[in-house]
Amino acid sequence: MLIRDVMPDFELFQPKTVADAAALAGQYGKSAWLLAGGNDSLSWFKERIKRPKVVIDLNGIAEMKGVRETADGIEIGALTSLSDIAQNATIRGRYRLLADAAIKVASPQIRNSGTIGGNVSQDSRCWYYRYGVPCYRAGGNTCFADTPSGQNREHSLFLTDRCVTASPSDTAPAHVALDAQMVIRNRNGERTVAAHDYFIGPSVDITRMTVLQPGDILTAIKLPKSWAGAKFYFEKMADRDAFDFPLVNVAAAFRLGMDGAVQDSRIVVNGVAAVPYRVPAAEAAVKGKKINADLARIAGTVSTHGARPLNYNGFKIPLMQNLIMRAVRDAA
C-alpha cells in the first residue's frame, strides 16, 4: 500500500549562481531534483512517487530571471515567471504568441510562481504514471492507458510508441513555432538545442519528455528575430478555461507577402502527442497561397492524417482540425 500523507525527507541546496547549481546537479546526478516554481514538484513529493535525496532550489539564481535584448532577438531566463512573460512589453510587442500562451497557463496564482522553464520541462500528466503504477514510462512493460479498458481521453493521437501520454505544456508549442533555442548548462559547459529537438517522444526515450539528462539545467530560452512581428494565433481548448491542462491547443505563426500570400508558417499543436506536434501538411497546404475560408478548411482537414484515436479521445480529431482552420483563417 502506498503511503501518501507525508513527503519523504531530502537534503536542500540553494545555490546563488548557475555554475554552483550545475556543479551540484553534476555531483548528485539522478538522486537530485531541480526545483523552480515548485507547483508540480511538490505534488510529486507529496504523492511520494518521486523521492529525491537532494533538492536543488534554483530560485536564488538572479541570472536565470528576466528578459534581455540580444543581437539576434531576446533571451528569457528560465526562472522568469509566466506572469512576467505574459505582461512583458517586448514579448507582447514582438512575440505575442508566447505571451498569449503564457496567460492561458493554469490560474493567476500558479502563473505568478510558475516559471517558463518549468512549464516547458514538466513531466507527463498521465494519471496511471503519476499514481505510480508500473507502466512503460515508469520502467514497466505495459501502457495502462492504451488498453481496451484504459482511460485515455486526454492522451495522444500521434507518435504513440508504447506510451500514449500527451505533452501538457501551453507554452511549448509557441516555442517551437517561434524557432526558439533552449540553452542548457551542466558542469561540463553549455549547449544550445532547438526547441523542436528539446522535446522527445517515447521512440527516443520513453522515460523522459525532454533532452535534459541528470545534471542538465535549462537556463534560458532565446527567441530569434526571424519571427518577431509575424502574424500570430494561439488558442487553447480545455474542460475549464482556468486551471486545466489543454485537451488541444494550437500555436501558429505566419509571414505574409505584400500580395497577402503565405511566405512561411509554423503551425504547432499540443495535447495530441508526447511532443509539441508540428503540422507540416497544414503548412504545405497554405504556402504560397492567399488565405480564404476554403484554404483554411483544407489546412484543418489534412492536419489529422495519420492520427490514431484511442477509446475516448477521438473527439480531438475534429477539435484539432477546427483549431487549425481558425488559426489559418485568422491570418488573412
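**Entry 1: the parallel sheet**

I looked up the open sheet of 3 strands, whose order is β1-β3-β2 and whose pairing is parallel; strands here are DSSP runs of E with at least two residues, helices are runs of H or I with at least four residues, and both are numbered from the N terminus. I took two strands as paired if DSSP finds at least two bridges between them. The model is a predicted one, in which local features need pLDDT of at least 70 and side-chain atom pairs count only at pLDDT 80 or more, while totals for chains, interfaces and linings use all residues. Residues are numbered from 1 along each chain as its sequence is written, and side-chain values use heavy atoms, with hydrogens and water left out.

The edge strands of this sheet are β1 (11-13) and β2 (32-35), each of which pairs on one side only. The twist from one strand to the next averages 25°, where axes are lines fitted to C-alpha atoms, for helices over the stretch in contact, and angles run from 0 to 180 degrees between N-to-C directions. I found 3 bridges in the parallel pairing of β1 with strand β3 (residues 54-57), and L12 has V55 in β3 as its bridge partner. Helix α1 packs on this sheet and touches β1, β2 and β3, its direction making about 165° with that of β3; contact means heavy atoms within 4.5 Å. Helix α2 (residues 39-46) lies across β2 and β3 and runs at about 140° to β2.

**Entry 2**

I then turned to an open sheet of 5 strands, ordered β4-β5-β8-β6-β7 with antiparallel pairing. Its edge strands, each pairing on one side only, are β4 (67-70) and β7 (189-194). Neighbouring strands of this sheet are turned against each other by 25° on average, direction ignored. Strand β6 (residues 181-186) pairs with β7 in the antiparallel sense over 6 bridges, and V183 stands opposite T192 in β7. Helix α1 packs on this sheet, touching β6 and β8 (217-224), and its direction makes about 130° with that of β8.

Within α1 (residues 18-28) I checked Q27, which is exposed at a relative accessible area of 54%; buried means under 20%, exposed over 50%, and partly exposed in between, with a 1.4 Å probe and protein chains only.

Strand β9 (residues 231-237) has 5 of its 7 residues buried, so it is largely enclosed by the rest of the structure. It runs antiparallel to strand β10 (residues 248-256), joined by 7 bridges, and M237 stands opposite V248 in β10.

The buried residues of α13 include L319, L323 and A327, and its buried residues pack against β9, β10, β11 (262-270), β12 (277-278), α11 (280-286) and α12. The axes of helix α12 (residues 293-302) and helix α13 (residues 316-330) come within 8 Å and cross at roughly 145°. In this contact A296, R297, A299, G300 and T301 of α12 meet Q321, I324, M325, V328 and R329 of α13. I noted 5 nonpolar, 3 polar and 2 charged residues there, counting Ala, Val, Leu, Ile, Met, Phe, Trp, Tyr, Cys and Pro as nonpolar, Asp, Glu, Lys and Arg as charged, and the others, Gly among them, as polar.
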